[in-house]
Amino acid sequence: MSAVVTDHEHDHEHHDHKPSGIKRWFYTTNHKDIGTMYLVFALVMFFIGGAMAMVIRAELFQPGMQFVEPNFFNQMTTVHGLIMVFGAVMPAFTGLANWMIPMMIGAPDMALPRMNNWSFWILPFAFLILLISLFMPGGGPSFGWTFYAPLSTTYSGDSTALFVFSVHIMGISSIMGAINVIVTIFNLRAPGMTWMKMPLFVWTWLITAFLLIMVMPVLAGAVTMVLTDKYFGTSFFDAAGGGDPVLFQHIFWFFGHPEVYIMILPAFGIVSSIVPTFARKPLFGYASMVYATSSIALLSFLVWAHHMFTTGMPVAGALFFMYCTMLIAVPTGVKVFNWVATMWRGAMTFEVPMMFALAFIVLFTIGGFSGLMLAITPADFQYHDTYFVVAHFHYVLVTGAVFSIIAAAYYWLPKWTGHMYDEKLGQWHFWCSLISVNLLFFPMHFVGLAGMPRRIPDYALQFADFNAFISIGGFLFGASQLIFVWLLVKCARGGEKATAQVWEGAEGLEWEVPSPAPYHTFETPPVIK
């Protein structure tokens, strides 16, 4: 039985009593509607978080204090991080999961559709609470997105209570979304859709969902302890009462490190769908990709204290975390090797999704290498809390996670809307994004290695030239995303009709390439003598 179901067959049960207009969106249990809402929400949050980044870059355009007060600058860095992580990247991946997983495994819908609706609709309220906190008398949260104690306990304003509440709601949403993905994949696969035939996007999301269920309660514990330390007289993180501020860092990063893998594993699944389609070849090393993803997920729990090398841990501890961190490069390297091997001698074409996927592979690898540098304990003493770290994680999260989400949007837009997007506009979007994103984040490596600290609204004169370049890159990258919005609106409104075989891949397999296909469904590329 084919796992590819047409949209009409797919939706037939939802045709009966469908509320129309605004009610349709409030009450919907249809995975496509909910996926669309997640994606639109993520796009809106991406621009709000991006506007905050623009404030940061405007302030750092020149040395000296220009536009904003230091405290407001800190609020911007804090809320920018929180919104991009929990409001843009994670909901975007959840939206892709909602849209694509049921169709990829031949399921009629997600397993728990009412919970699916609820897990989305609590998100706008969570972020409303977070954003409203910025207008409180003492200002919003200003302790960094990692909210280290005692900055978030002893020295924080009263917006901390709203911040904690909003993080709890985000966590509840994530846990419900993860449960839904797991139950759907375990229980609703079509006959014949065995574990090792699932598309890699489904595999990566299954593993991501388990990570979410394991780490979100840890974050909930951390924010609750912050809340009781601040308002209820406990002293989990207060040395005066027998607590330990470093305990906060252990709890936070035990959540925080798997969290960054939650934000990249679905990206690996997306790239593993796109590369085989445009190389016209099945994915190289399917099984090894599944095992590599699982290894990364397991190892992600053993590396949290590499964020804490400068806290004075014993040498044996530092060595353990250093080696475990470097070990993650192995399964990640396997993935990059497999993507390159998939393209090797393939009949490649370079449509926009493929261009973003290729940019992902190259630039994500740069982020991986700087991560390897940060993993080396003695070197990290120099890099810690400098702009080098900012460069590293933005290469992983912007040219990694965000580029993969954009690639997925281009790849599946024809399926979602029934229309082909404007290829010319897409190319413009790609090249503007690619050039500006490197102008934005690459020089950060240099100012970081030269000693510029992060999260500070002013800097020494010698960093002025680089910061001007970085800020210009930032404004250009922000502007480039407006091309994307224009393209999305055009595509949703109409345009060239998408064919059944949009990407002219293998016979009817263009949405499902990542599972191993029988040999005869692919035209053999011409042998070059």
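## Charged pairs

A search across the whole structure turns up 2 salt bridges. Keep in mind as you click around that this is a predicted model. Side chains of opposite charge can pair when their charged atoms come close.

Start by selecting D33 and R24. These two form a salt bridge, with their closest N and O atoms 2.8 Å apart. Is D33 buried or exposed? D33 counts as buried, because its relative accessibility is 6%, under the 20% cut-off. R24 has 29% relative accessibility, so R24 counts as partly exposed.

Next, select K490 and D422. Their side chains meet in a salt bridge too, at 2.9 Å from N to O. This pair links distant parts of the chain, 68 residues apart: K490 is in helix 17 (residues 464-493), while D422 is in the loop between helix 15 (387-417) and helix 16 (423-449). K490 is partly exposed, with a relative accessible area of 38%, and D422 is partly exposed as well, at 26%.

## Rings

Now for the aromatics: the structure holds 50 aromatic pairs. Pick out F268 and F364 to look at one of them. How are the rings of F268 and F364 arranged? They sit edge-to-face, with 5.3 Å from centre to centre and 80° between the planes. F268 belongs to helix 9 (residues 265-279) and F364 to helix 13 (residues 352-375), so the pair ties together parts that are 96 residues apart in sequence. Both F268 and F364 are buried.

Then try a group selection: F86, F143, W145, F147, Y148, F163, F236, F237, F248, F252, W253 and F255. Ring pairs link these residues into a cluster.

## Charges over rings

Select R189 together with W195. R189 lies over the face of W195, at 4.0 Å from the ring centre. Move on to K230 and Y231, where the charged end of K230 sits over the Y231 ring, 5.5 Å from its centre.

## Confidence

Last stop: colour the chain by pLDDT. The average is 92, and 92% of the residues score at least 70. Which stretches stay under 50? One is residues 1-6, for which the model has 8 contacts beyond four places in sequence. Another is residues 506-529, with 54 such contacts. Where pLDDT is low, the predicted coordinates should not be read in detail.

How values were computed:
Residues are numbered from 1 along each chain as its sequence is written. Side-chain values use heavy atoms; hydrogens and water are left out. A salt bridge is a side-chain nitrogen of Lys or Arg within 4 Å of a carboxyl oxygen of Asp or Glu. Buried means under 20% relative accessible area, exposed over 50%, partly exposed in between (1.4 Å probe, protein chains only). Helices (H or I, at least four residues) and strands (E, at least two) are DSSP runs, numbered from the N terminus. pLDDT is the predictor's confidence in each residue, from 0 to 100. Contact means heavy atoms within 4.5 Å. Rings of Phe, Tyr and Trp (its six-membered ring) pair if their centres lie within 6.5 Å; planes under 30 degrees apart count as stacked, over 60 as edge-to-face and the rest as tilted. A charge sits over a ring if NZ of Lys or CZ of Arg is within 6 Å of the ring centre and within 35 degrees of the ring normal.
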